[in-house]
Amino acid sequence: MYASSRNRGTILILLVVIAILAFLLHQTNQLQPLEDVLLGWLQPLLGGATRVGTGARDVTSGIADVNALRAKLDELQSQVDELSNNRIRILELEKENTLLRQQLGYKQSNPDFDLVGAVVLERNPDWARVIAQDPSNLAFYIIVDQGSAEGVQKGMPAVTPQGLVGRVTEVGTHWSKILLIIDPSSSVNAVVQSTRATGMVQGDALNNPGDPHLIIKYVPQGEAIKSGDLILTSGMGGTYPKRLIIGQVTEVRKRDVGLFQEATIKPAVDFMRLEFVLILKKFTPSDITQEPTPTPTARPKPTPTRTPSP
Amino acid sequence: MSLWILVPLLLLVAILQVTWLPLIPIFGLKPDLALIVVTTWGLLAPIGEAAQWGFVLGILLDLNSGLPFGVHTLTLTIVGLLVGLGQRAFFRGNLIAPPATMLLATFFDHVIILGFLASLTESINWSDYLIRITLPTAILNTLVAGLVFFPLEFLYRRLHPQIEVE
């Protein structure tokens, strides 16, 4: 394989040029077919290796009794998740009820307005298996085994029953790359469930890569936000549907000077043990032009206009 | 080296990097096995071989990375090339060379990747990345490199017996 020393320099320069060319072609999407073929070949190996690795981890982490306990724990955890989701849904319905009453009052006091609102969330019933993770500690992506052939498209959100995982950034025929919300480049428009205060959730995996957290920023100083508050997607910007659980506030930071406060959030999803995700193939994005105009009965709240970067 | 040995070996390294190592993080970080292999081979083998390993490994990693395609290929090729050159000029026979090279290679690799990220995304908090991710990763890589060095040295002796005689 190796050339003589006379040609070695030429070959090395050629390799660097090819690498730069590959980068440029990728940026213009012209490398997609080749990536698709290569990753298609690799996919069975990756899936197999991940299954073996996960299996080995499970075996080495305990004996049979521990596995039985783990199964029981999983069952209880799923019940807790279900109850938590129910509780959150009830709280959301209460809030929605209050909001709708306000809107109804607004509509009745403005009979000449034609108002309509709807929320539809359709989830893909097929689980996407996580087959690989980004090789670098500098980026937080996963690769799943569903792609354009299964109807996955760029920008679709990925979730688990526990909460929001991230969004699809790249799609092949039978694979997709998902940017996790813990990545520092990720940002999600969010709302504090108890107060409806809005903010921007950004990844903060750099702080503690072993237990990655998130930060909610741009929450106005006047808004009440406390430890234990649930943070949900606000649906603004249309990237994510409304009311997906992002996490729970663990610490609030306020400064005497400054317009905004920020808080640390523990993600609802355990990103260190992510094996399957659901990809939301279809949902009706929240249209901010349909948000109710603040009325004297509804407390006005400033909203950030920044949308997540693609 | 025969492609029949090289390609499966590098494929195995890449698959381990993206499937197994994320399952067993150490303080949340995974060692850069590909970078360790390229750097170590650069210390052992003639100039250019490690760069070619880096090129092949980089392509395999780029396929499995959310970062723009070519970033890992470029960084690993350059790291392989520089380590090969450094090995000839400064490092040969120096005990400090392997750990020092690993530390430098990790910083170099991360700085290039961060440079790409900074040019493509809004902004990069360099100090956060370098202190919280790069520094611990460099230390982790250096420790793991100690384990990888001997198997690779064994492989090198098997593949280059004539050079060892010299």
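Hi everyone, a definition to start: two residues are in contact if their C-beta atoms, placed from the backbone, lie within 7 Å. What we have here is a predicted model, where local features need pLDDT of at least 70, side-chain atom pairs count only at pLDDT 80 or more, and totals for chains, interfaces and linings use all residues. Residues are numbered from 1 along each chain as its sequence is written, while chains are lettered from A and ligands numbered from 1 in the order in which they are written.

Let's take the two chains. By that contact rule, 46 residues of chain A meet 49 residues of chain B. Which element gives the most to chain A's side? That is α2(A), with 11 residues. Helices here are DSSP runs of H or I with at least four residues, strands are E runs of at least two, and both are numbered from the N terminus. Among the other elements that each supply at least two residues are α1 (5–27) and β2 (127–133) of chain A.

Now, inside chain A, an automatic or database domain assignment gives domain 1 (10–60) and domain 2 (126–288). Nine residues of domain 1 of chain A touch nine residues of domain 2 of chain A.

Six strands of chain A close into it in the order β7-β8-β9-β12-β11-β10, with antiparallel pairing; two strands pair if DSSP finds at least two bridges between them. For instance, β11 (residues 245–253) and β12 (residues 260–267) of chain A are joined by six bridges. Within that pairing, V249(A) has I265(A) in β12(A) as its bridge partner.
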